[in-house]
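Keep the sequence at hand as you read.

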Amino acid sequence: MENLEFQTEMIALKDLLKVTRILPSGGIAKRVIKDEGVLVNDKPCFLPGKKLYKGDWVIFDDYKITIV
């Protein structure tokens with residue numbers, strides 16, 4: 001698993017997957033999150049607009065992204 005850190009005060013889940021280039025666009029990220037879900041802080045999440053803050057972490061495919 002690849003560990004990434006992303007520095008921000010707040011970001012939407014779909015935007016995080018887009019700006020880290022894990023998914024190519026926000027539209028695709030939105031669809032994938034709704035259909036497949038991702039783990040946010042060890043809980044399944046199907047909400048593309050979920051707001052993430054410092055200390056939150058996301059697991060998607062082979063990536064773990066921590067908001068710092």
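This is a predicted model: local features need pLDDT of at least 70, side-chain atom pairs count only at pLDDT 80 or more; totals for chains, interfaces and linings use all residues.

Is Asp56 buried or exposed, and what is the nearest side chain of opposite charge? Asp56 is buried, and the nearest side chain of opposite charge belongs to Lys50, 6.1 Å away. A salt bridge requires a side-chain nitrogen of Lys or Arg within 4 Å of a carboxyl oxygen of Asp or Glu, which means a gap of that kind must fall within 4 Å to count. Asp56 has no salt bridge.

What Asp56 does have is a polar contact of 2.9 Å, side chain to side chain, with Asn41. Leaving aside residues up to four places away in sequence, Asp56 touches Asn41, Lys51, Ile65, Thr66 and Ile67.

Asn41 is partly exposed, with a relative accessible area of 29%. Its backbone deserves a look too: phi of Asn41 is near 55 degrees, a positive value in a residue other than glycine.

Arg21 also has a positive phi, about 65 degrees, although it is not a glycine. You can find Arg21 in the loop between helix H1 (13-19) and helix H2 (26-36). Arg21 is exposed, its relative accessible area being 75%.

Now for the charged pairs. How many salt bridges does the model contain? The count comes to two. In one of them, Lys54 pairs with Glu9, and their closest N and O atoms are 3.2 Å apart. Because Lys54 lies in the loop between S5 and S6 and Glu9 in the loop between strand S1 (2-6) and strand S2 (10-12), this pair ties together parts that are 45 residues apart in sequence. Glu9 counts as exposed, at 57% relative accessibility.

Asp15 and Lys14 form a salt bridge as well, with 3.3 Å between the closest N and O atoms. Asp15 is partly exposed at 25% relative accessibility, and Lys14 is partly exposed with a relative accessible area of 25%.

Finally, turn to the rings. A search of the whole structure finds zero aromatic pairs. The ring of Trp57 does have a charge over it: the charged end of Lys64 sits there, 4.6 Å from the ring centre.

Methods. Residues are numbered from 1 along each chain as its sequence is written. Side-chain values use heavy atoms; hydrogens and water are left out. Buried means under 20% relative accessible area, exposed over 50%, partly exposed in between (1.4 Å probe, protein chains only). Lys and Arg count as positive and Asp and Glu as negative; His and the chain ends are not counted. A polar contact is a pair of N or O atoms within 3.5 Å; within protein, one must be able to donate a hydrogen and the other to accept it, and residues adjacent in sequence count only if both atoms are side-chain atoms. Contact means heavy atoms within 4.5 Å. Rings of Phe, Tyr and Trp (its six-membered ring) pair if their centres lie within 6.5 Å; planes under 30 degrees apart count as stacked, over 60 as edge-to-face and the rest as tilted. A charge sits over a ring if NZ of Lys or CZ of Arg is within 6 Å of the ring centre and within 35 degrees of the ring normal. Helices (H or I, at least four residues) and strands (E, at least two) are DSSP runs, numbered from the N terminus.
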